[in-house]
Amino acid sequence: MLKKLLFAVILSQSIFSSDIAYSDTPYDDPLVKSIIREFETYFPGIKVPKSGFINFQESPSVMVADSSTGKQRPSHGVCFPDWNNKKLNKIYLYAPWWRTSTNQWQKRKVLMHEMGHCLLNLKHLKNPLGYSIMSQTLDTVNPDGSNWGYLMGELRTRWMIYRRTGVGGYKY
Ligand SMILES: [Zn+2]
């Protein structure tokens with residue numbers, strides 16, 4: 001009985017954390033928390049700063065051309081690097097999009113992508129197949145997240161190549 005109840009609680013939490021819940025404070029946002037945990041699982045040596053690093057913003061600081069429509073729209077996320085001290089790099093998520101987007105996998109892709117810039121120092125990847133967290137298009141990730149494991153493996157491989165050779169990343 002207790003087990004069943006627990007499962008129900010966990011299940012409802014995961015539904016909430018994926019699509020519905022939203023907090024004005026990024027560090028209280030269940031999906032943000034979950035992405036941070038996942039990042040630290042894949043990159044155990046790299047700590048995600050506990051405050052001030054991930055931020056929401058109501059007005060966009062960067063506009064981009066949408067990959068499917070070609071029209072200008074606010075970027076879903078931005079990494080502002082501090083070239084003197086990478087510990088001061090900051091991520092800004094565009095809050096109106098984060099609040100209203102119902103696809104958790106696209107949100108995971110955006111935040112993981114910005115962490116790829118801000119924590120792993122990785123550049124964009126011009127991959128003709130688009131199968132990279134570091135490519136700029138949202139459709140890299142399947143709507144049901146079924147290729148997420150592949151994408152994370154690819155990100156880890158790219159980071160290891162960068163660590164060994166400097167290829168694919170920023171010079172600090
Ligand atoms: Zn980017």
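This note sets out numbered points on the fold, the core and selected residues of the structure.

1. Basis of the model. The structure is a predicted model, in which local features need pLDDT of at least 70 and side-chain atom pairs count only at pLDDT 80 or more, while totals for chains, interfaces and linings use all residues. Residues are numbered from 1 along each chain as its sequence is written.

2. Overall fold. The chain holds five helices and five strands, where helices (H or I, at least four residues) and strands (E, at least two) are DSSP runs numbered from the N terminus. Their order from the N terminus is α-α-β-β-β-β-β-α-α-α. Of the 172 residues, 25% count as buried; a residue is buried if 20 or more other C-beta atoms lie within 10 Å of its own, exposed if 12 or fewer, and partly exposed in between, with C-beta atoms placed from the backbone. Among contacts with a separation of 6 or more, 49% join residues 24 or more positions apart; a contact requires C-beta atoms, placed from the backbone, within 7 Å.

3. Nonpolar core. In soluble globular proteins, nonpolar side chains tend to be buried together. Here the largest nonpolar core has 27 residues, and those with the most contacts inside it are Val32, Ile35, Leu93, Leu111, Met112 and Met115. Such a core is a set of buried Ala, Val, Leu, Ile, Met, Phe, Trp, Tyr and Cys residues joined through C-beta atoms within 7 Å. Two or more residues each are given to this core by α2 (30–42), β5 (90–94), α4 (104–118) and α5 (148–165). The largest share, six residues, comes from α4. Leaving aside residues up to four places away in sequence, Leu111 touches Val32, Ile35, Gly77 and Leu93.

4. Packing of α2 on α4. These two helices pack at an angle of about 55°, with their axes 10 Å apart. The axes are lines fitted to C-alpha atoms, for helices over the stretch in contact, and angles run from 0 to 180 degrees between N-to-C directions. α2 and α4 are therefore oblique to each other; angles under 35 degrees count as roughly parallel, over 145 as roughly antiparallel, 65 to 115 as roughly perpendicular and the rest as oblique. The contact is made by Leu31, Val32, Ile35 and Phe39 of α2 with Gln104, Lys107, Arg108, Leu111, Met112 and Met115 of α4.

5. Loop between α4 and α5. Both Ser135 and Asn121 are found in this loop. Ser135 counts as buried because it has 21 C-beta neighbours inside 10 Å. Not counting residues up to four places away in sequence, Ser135 touches His124, Leu125, Asn127, Gly130 and Thr140. Asn121 is likewise buried, with 20 other C-beta atoms within 10 Å. Phi of Asn121 is near 65°, a positive value in a residue other than glycine.

6. Lys109 lies 9.9 Å from Ser135, C-alpha to C-alpha, at 26 residues apart in sequence. Lys109 and Met152 are 43 residues apart in sequence and 9.7 Å apart in space, again C-alpha to C-alpha. Met152 lies in helix α5 and is partly exposed, with 18 other C-beta atoms within 10 Å.

7. Loop between α1 and α2. Asp24 is placed in the loop between α1 (2–20) and α2. Asp24 is exposed, with 10 other C-beta atoms within 10 Å. The C-alpha atoms of Asp24 and Gln57, 33 residues apart along the chain, are separated by 9.8 Å.

Conventions: Two residues are in contact if their C-beta atoms, placed from the backbone, lie within 7 Å.
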